[in-house]
Amino acid sequence: MKSYARELAVAAVLGLLLVVLAVWAPAFFEPAPLRSLLAREAPTLVVACGMALVILTRQIDISVGSQFSACSVAAGLLAAAGWPMGLVLPAAVALGAVLGAVNGALVAGLGLPSIVVTLATMVTLRQGLNLARQGEFVNLPDGVQWLGLGQSAGQGMLLLVAGAVFVTLALALRHLAAGRHVYAVGSDAEAARLAGLRPRRVTLAAFMLLGACAGLAAVMNVVQSPQVQPLAGSGLELKVIAAVVVGGVAISGGRGRLGGVFLGLLLLAFISPALTHLHIEAYWEKAIQGAIILLAVLADAGRKEDSP
Amino acid sequence: MTRGAELIRAGWRRHEVRLLAVLVAEWLVFYYCGTSVNRHGVVVGFGTLERQGDILRHSCEIGLLALVLTPVILTAGIDLSVGSLLGLCAVVFGQLWHDAGLSVGAAAALTLVAGALAGGLNAGLIAGLRLPPLIVTLGTYSLFRGLAEALTRGAVTYTDFPAGFLALGQDRALGLPVQAWAFLAVAAAVWVLVHRTMTGRAFRVIGFSPEGARYAGLPVRRTLALAYVLAGVVAALAALIYTARIGQAKADAGTGYELSAIAAVVLGGTSIFGGRGSVTGTLLGVAAIAVLQNGLATIPVVIRLNAAGEIAGLLTGALLLGALSAEAAAKVLSQLRRRRQSAPGPNPVAP
Amino acid sequence: MKLFRGCLALLFLGLLSAVAAPAADARLMVALMPKAKGNAYFISCKAGAERAARELGVELLFDGPAETNAAKQNEIVENWITLGVDVIAVAAENREGIATALRKAQRAGIKVITYDADTLPDARSFFVNQATPEGIGQTLMDEAARLCGGNGEFAIITATLTAGNQREWQKHIEARLAAKYPGMKLVAVRPSDDFKDRAQSEATALMSAYPKLKLIMALCTPAVPGAAEAVKQAGKVGQVKVIGLGLPKENRRYVQEGVTDCVVLWNTDQLGYLTAYVAVAVARDQLKLGATSFPAGTLGAMRVEGDNVLLGRPFVFTKENIGQFEF
């Protein structure tokens with residue numbers, strides 16, 4: 001808990017990237033496009049916060065991309081059916097929480113390994129969605145986009161929502177008893193149980209919270225354009241997990257902070273636009289992403305806690 | 001109770017036996033529902049030898065990956081990079097043969113070396129620097145696919161391989177698809193390695209407790225490294241077979257294969273937490289998924305639904321979840337039973 | 001144990017449904033395979049093919065990979081061989097890769113044609129050619145140059161860097177650019193992975209990275225509305241033009257608002273319709289090599305060149321005409 005090595009390493013790489021951009025591509029920092037970029041990543045931050053909680057309890061959820069897609073389509077269809085956004089939002093969040101609860105029940109209730117459970121729910125949800133929609137776009141009625149607020153206000157509000165989720169969860173993790181329970185369960189569930197905690201409830205709650213985050217994020221994404229693509233969100237799980245682990249949350253649970261996750265996400269989210277701004281060919285992108293993940297994790301080399 | 005019934009009961013407790021029962025059930029159902037005389041008067045479908053050969057052919061690459069993921073998962077590790085590595089090796093092979101002008105044999109040999117090197121990178125980071133396998137291979141998952149795209153600028157596709165090479169993926173030898181022999185050879189080798197050698201035992205011990213393994217004087221790093229290098233080499237072999245089967249080498253080969261392979265290993269009863277599992281289980285897991293996915297698509301009614309792939313995907317997910325839940329539920333039940341038997345309390349509750 | 005009982009129950013359910021199913025009727029069975037089933041492009045092909053199937057009184061199957069996948073296409077062809085369909089029409093993801101499976105179908109007495117993207121000539125009898133890649137590349141590049149007044153920077157957003165058809169179009173765009181438009185400059189090619197959302201992000205970054213950018217050309221169906229939304233949000237409507245290969249329905253809103261100048265596409269609905277007609281004619285031995293014209297229902301007489309049935313030039317959808325198309 002004490003060492004900030006990973007956060008510093010990620011911050012250093014991010015800083016370097018920003019300096020390079022400032023020198024060779026100052027246009028990156030123009031306010032309007034930068035605000036757009038951040039608004040596009042705001043939903044990802046919300047999901048990453050939820051994922052961090054799940055990983056802190058020593059679990060993982062790779063079905064989150066499918067949950068995101070399902071909630072996006074559901075939100076789109078409800079909005080298209082004329083539901084006001086004030087009802088669409090809670091419905092999507094509730095759907096996400098239910099999907100998360102299914103994972104959580106299987107993992108916490110039956111003690112099944114989360115990577116396998118969520119692998120199965122990921123496939124099942126995705127195929128179900130393919131069957132149901134066949135890839136067809138959902139067209140949204142006018143007034144859904146930006147919640148009718150206009151673009152800059154809408155973007156500002158998305159950033160505000162993402163920031164609020166982030167700050168709330170970060171503070172809760174640090175200062176609330178429930179937050180400390182998450183760390184306790186992740187470091188040693190048996191010890192936590194002996195100390196009077198209920199590890200299963202904590203795990204279930206973490207999965208439900210992640211699902212709710214996916215639902216919220218889906219709505220935050222849906223309001224940014226007038227059409228919903230059912231494919232949206234596939235592959236999201238890898239992006240989010242990468243951000244969380246690059247940000248220093250130990251995959252073995254119980255260690256890491258949301259601040260690191262924020263930095264990790266920024267770093268990964270900036271790579272693609274940075275390559276565009278630096279005029280580097282797109283086919284290098286995945287290789288660079290992989291190299292950055294490896295570099296960041298190298299900061300942990302030699303630490304005992306993470307050994308396999 | 002007769003001795004036979006006793007034996008059956010004992011056998012039923014083994015995961016492999018139950019999985020075998022599922023496999024046989026699948027096979028029988030598809031044999032009856034999936035074999036038919038089509039409108040041209042030809043016997044077609046699941047029951048034909050040709051179709052059985054095709055099922056083998058279609059599942060060789062994922063089967064190979066599942067085989068070598070078994071030792072990795074036994075050590076409580078994971079390798080998410082094998083699918084990407086398959087793509088990278090396919091591209092490397094294409095370049096060595098087409099651009100560098102090497103013979104197919106030399107190019108294939110060098111591709112296997114490349115696979116070993118890539119596996120060595122994982123091994124170095126995981127066994128050498130003791131970094132967590134999930135993150136390391138998440139990084140190389142991106143890195144290998146990225147290198148495959150960068151090497152080809154995303155654009156180049158290698159085709160027109162010589163017929164002798166394509167035979168590896170498309171012809172038959174001694175009644176089986178050619179690649180099935182490679183698969184069986186690797187399966188036998190991995191089985192011996194895991195179940196009949198000290199190294200195999202070391203995989204499990206490391207999976208149970210790396211500290212314990214170290215104190216017991218086992219070569220932990222070397223054993224771990226072996227598992228990941230082996231995964232790299234066999235991913236390269238799978239790349240060669242894939243290229244020969246499809247007839248093209250392209251940067252997107254093998255996308256998503258890692259998850260299918262992991263699903264097969266886990267369905268086969270290998271614990272994702274390490275230490276427990278068997279190669280036989282993995283083979284059954286691969287077969288159960290392959291027969292389900294291919295068999296479903298031989299039933300005329302299912303084909304006419306135009307969604308055989310989606311339904312097979314749904315059922316695979318359900319099978320995996322069901323198998324896991326049944327396993328867990330059985331464990332919980334037997335615990336309850338034991339508790340009741342050891343302490344017959346005054347308050348017997350009906351189950 | 002419950003699991004296994006459950007499995008058995010499920011499998012018996014399958015058995016029952018197989019037995020209970022109506023016996024195969026005597027109608028001609030036409031199987032149509034898209035490159036990717038979820039792609040709007042192919043969904044509209046399907047709509048056209050269904051109309052043709054109704055007119056002709058044949059049964060139509062429509063199945064393919066959820067996302068483009070050459071290996072999956074082979075497996076589905078195998079399934080259709082099993083079912084014993086009469087004719088298969090494929091949009092080949094991979095020219096060589098699918099040829100083996102298609103030859104096997106021919107040996108089993110099934111007629112094979114291709115549409116949208118061809119396979120090797122010996123593995124099929126006819127190819128329904130919607131518009132050559134060359135025609136697409138040239139039309140897009142000509143439109144781009146016209147909108148930019150013959151000079152300026154433009155960028156391309158593709159599906160994935162590895163997608164075959166995208167590469168093919170890009171090659172012809174670049175060839176036309178080099179041959180005819182020295183004043184135009186292609187500054188960047190970015191992938192969108194077939195995601196509308198990613199295309200939107202990429203277009204946003206492109207506009208701020210290349211302030212002199214005059215035009216974005218999106219080569220895959222989901223990327224066109226994505227790019228248009230980005231231009232709209234950046235407040236650069238008119239300053240940065242958007243054109244692309246896309247379906248009218250998804251783009252109508254942006255074309256009518258003037259964000260997207262035009263989308264280029266052959267009429268995919270007609271492509272599906274024509275493909276179904278050709279498939280049925282081939283299966284009934286009504287279309288043979290040497291024909292120069294082919295009557296395709298409401299489309300009238302279509303031109304046949306060798307073993308290609310031609311749909312015609314790609315169509316340019318603009319503000320004036322886009323409202324008339326329902327696909």
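How much area is buried between chain A and chain C? About 2,900 Å², with carbon and sulfur atoms giving 47%. Buried area is the accessible area (1.4 Å probe) that two parts lose on being put together, summed over both.

This is a predicted model: local features need pLDDT of at least 70, side-chain atom pairs count only at pLDDT 80 or more, and totals for chains, interfaces and linings use all residues. Residues are numbered from 1 along each chain as its sequence is written, chains are lettered from A in the order in which they are written, and side-chain values use heavy atoms, without hydrogens and water.

Start with the chain interface. Here 35 residues of chain A are in contact (heavy atoms within 4.5 Å) with 33 residues of chain C. Four salt bridges cross it; the term means a side-chain nitrogen of Lys or Arg within 4 Å of a carboxyl oxygen of Asp or Glu. R253(C) and D142(A) form a salt bridge at 3.8 Å, N to O. On the side of chain A, α2 (31-56), α6 (151-175) and α11 (258-277) each give two or more residues. The largest share, five residues, comes from α11(A).

Now turn to chain C itself. Its domain 1 covers 25-130 + 268-311, and its domain 2 covers 133-265; the bounds come from an automatic or database domain assignment. Their centres, taken over C-alpha atoms, are 30 Å apart. Six residues of domain 1 of chain C touch five of domain 2 of chain C. The area buried between these domains is about 460 Å², 58% of it from carbon and sulfur atoms. K35(C), A40(C) and Y41(C) supply 56% of what domain 1 buries there. The count of salt bridges between the two domains is zero.

Conventions
Helices (H or I, at least four residues) and strands (E, at least two) are DSSP runs, numbered from the N terminus.
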